[in-house]
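Please consult the sequence and the structure shown below while reading.

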Amino acid sequence: MFNMNSTYRRASEYLLKLTPFQPELAIILGSGLGDFAESVKVHKSIPTIEIPDYPESTVHGHKGFIHFAEYENKKILLFQGRIHFYEGYDISKCLLPVFLIHKTGCSKVILTNAAGGVNPSFSPGDLMLIDSFYTFNIKKELSAFLGKVSPEQKNSFLDFPSKWLSELIKEASVKTGIFLQHGSYWFGKGPSYETPAEIQMMLKFGIDAVGMSTAHEAVYAKFLGMDVAGISLITNLAAGLSPTKLSHQEVIDTANEAKLKFESLVKNIIKLI
Ligand code: HPA
């Protein structure tokens, strides 16, 4: 069974002292999607650098704030910035935000990310509801982190996304007239993007999108008993599928262009929660 380590204890004790309310929904904002926090009423912002043992956010596009906010009378918790393996952090550091969400008493989480499009019908700027994950690259770390689990827990991890939450996201997309792709997400630890050969392999397997976050967060959130769903913003065509060289700047630029669409979808999701 999972044992809370001292980092988790210190960080959660600090956060809980500052928590103004119990959020109804938490959202981890992916690369370049952090500006969403500026579009809602924020009650309390906590720089993650002030939280004991919280890993420093080192990636451009991840500001490093936790916001207790409100939209349409719904209390929400926003993570403006996430922690990645490719920054050199281990799994327990990467999963600290999920633990903190759980400790605030929030039981619903939407994980968002920027991802490369593998599915040939995807274009940069598309939003994709995540149907399922490929977690091969992270299984070893996850099982060591979670330790001994009960037979019931074992398979509950696979129950992603929570059906009612993904139906609600689809309903919000219809209401806003925003087209939602859907598909499977391949998790890669990084630090680099994939090679063109790896993307060719993924194409053969029918993988739709690829990124370096989210999958382990979803498994851990399920382990903690939360309702979880995920949305990818396709920021680029995956390696070798585009004539231009892949870069983090391209990811940020596309996220900026799709910002209003993302904002509108997420606000409608919050309304329906
Ligand atoms: N690969 C991995 N991670 C990513 C990509 C990609 O093409 N785009 C945004 N995050």
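This is a predicted model: local features need pLDDT of at least 70, side-chain atom pairs count only at pLDDT 80 or more; totals for chains, interfaces and linings use all residues.

The largest pocket has a volume of about 410 Å³. The ligand, however, sits in the second largest pocket, which holds about 280 Å³ of space.

**The largest pocket**

- This pocket is lined by 18 residues, and those nearest its centre are Thr135, Lys139, Phe157, Leu158 and Val219.
- By residue class, the lining of the largest pocket comprises 11 nonpolar, four polar and three charged residues.

**The second largest pocket**

- With a volume of about 280 Å³, the second largest pocket is lined by 24 residues, of which Ala114, Tyr193, Gly211, Met212 and Val251 are the closest to its centre.
- At least two residues of this lining come from each of β5, β8, β9 and α9 (248–257).
- The element that gives the most to the lining of the second largest pocket is β5, with four residues.
- The lining of the second largest pocket divides into 11 nonpolar, 11 polar and two charged residues.

**The shell around the ligand**

- The residues around the ligand are Ala114, Ala115, Gly116, Tyr193, Glu194, Val210, Gly211, Met212, Thr235, Asn236, Leu246 and Val251.
- In this shell, β5 (108–117), β8 (209–211) and β9 (227–237) each supply at least two residues.
- Strand β5 accounts for the largest share of the shell, with three residues.
- Seven residues of the shell are nonpolar, four are polar and one is charged.

**Polar contacts and burial of the ligand**

- A nitrogen atom of the ligand lies 3.3 Å from a polar backbone atom of Gly116.
- The side chain of Glu194 has an N or O atom 2.8 Å from a nitrogen atom of the ligand.
- The side chain of Asn236 likewise places an N or O atom 2.7 Å from a nitrogen atom of the ligand.
- Taken alone, the ligand exposes 260 Å², and the protein buries 96% of that area.

**Backbone features**

- The peptide bond from Phe160 to Pro161 is cis, with omega near -10°.
- Pro161 is placed in the loop between α5 (151–156) and α6 (163–176).
- A cis peptide bond also runs from Gly190 to Pro191, where omega is near 5°.
- Pro191 belongs to the loop between β7 (180–187) and α7 (196–205).
- Asp53, a residue other than glycine, has a positive phi, near 70°.
- The loop between β2 (41–47) and β3 (65–71) contains Asp53.

Conventions:
Residues are numbered from 1 along each chain as its sequence is written. Side-chain values use heavy atoms; hydrogens and water are left out. A residue is near a molecule or strand if one of its heavy atoms lies within 4 Å of it. A polar contact is a pair of N or O atoms within 3.5 Å; within protein, one must be able to donate a hydrogen and the other to accept it, and residues adjacent in sequence count only if both atoms are side-chain atoms. Accessible areas come from the Shrake-Rupley method with a 1.4 Å probe; for residues, only the protein chains shown count as cover. On a 1 Å grid over the protein atoms alone, a cavity is a set of points where a 1.4 Å probe fits but cannot get out, and a pocket is an open set with protein on both sides within 12 Å along at least five of seven lines; lining residues have an atom within 4 Å of a point. A molecule sits in a cavity or pocket if more than half of its atoms lie within 2 Å of its grid points. Ala, Val, Leu, Ile, Met, Phe, Trp, Tyr, Cys and Pro count as nonpolar, Asp, Glu, Lys and Arg as charged, and the others, Gly among them, as polar. Grid points are joined across faces, edges and corners, and a volume is the space filled by probe spheres set on the points.
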